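Let's walk through a protein model together, step by step. Take a moment to look at the picture before reading on.

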Amino acid sequence: AIGIVCGLAAALAASRFVAAQLHDVSAHDPLVYAMVALIFVVVGVTASALPARRAARVDPLVSLSAP
């Protein structure tokens, strides 16, 4: 959550530099900022959930006794 807030603040600060590259979108469009933040959250959750699910299937005794 802290990363999303910091990223949104940095994006708002940098929006005037990339405003010339945006077509049919306002530089301060809240829907675009929300969608980008949502995409980053989904990617982050997916990237951490898949390895966690695989690690949860390992028997704890086997992992603790491994050299």
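We begin with the overall outline and then turn to single residues.

What you see is a predicted model, in which local features need pLDDT of at least 70 and side-chain atom pairs count only at pLDDT 80 or more, while totals for chains, interfaces and linings use all residues. Residues are numbered from 1 along each chain as its sequence is written, and side-chain values use heavy atoms, with hydrogens and water left out.

Start with the helices. The protein chain has 3 helices and 0 strands, so its elements read α-α-α from the N terminus on (helices are DSSP runs of H or I with at least four residues, strands are runs of E with at least two, and numbering starts at the N terminus).

Next, consider the overall form. The C-alpha atoms fill a box of roughly 60 × 20 × 20 Å along the principal axes. The radius of gyration is 19 Å, whereas a compact globule of 67 residues would have one near 11 Å (the radius is taken over C-alpha atoms, and the globule rule is 2.2 Å times the number of residues to the power 0.38).

How much of the protein chain is buried? Of its 67 residues, 6% count as buried (buried means under 20% relative accessible area, exposed over 50%, and partly exposed in between, with a 1.4 Å probe and protein chains only). The chain exposes about 5700 Å², and carbon and sulfur atoms supply 73% of that area (areas come from the Shrake-Rupley method with a 1.4 Å probe; for residues, only the protein chains shown count as cover).

Now follow α1, which covers residues 2-18. Its 17 residues should span 24 Å at 1.5 Å a residue, and this agrees with the 23 Å between its end C-alpha atoms (the expected span is 1.5 Å times one less than the number of residues). Still, α1 has a kink of about 35 degrees centred on Leu12 (the bend at a residue is the angle between axes fitted to the seven residues ending there and the seven starting there).

Beyond α1, Leu22 lies in the loop between α1 and α2. Because its relative accessibility is 35%, Leu22 counts as partly exposed. Val36 lies in helix α2, and this residue also counts as partly exposed because its relative accessibility is 39%. Val36 and Ala20 are 16 residues apart in sequence, and their C-alpha atoms are 19 Å apart in space.
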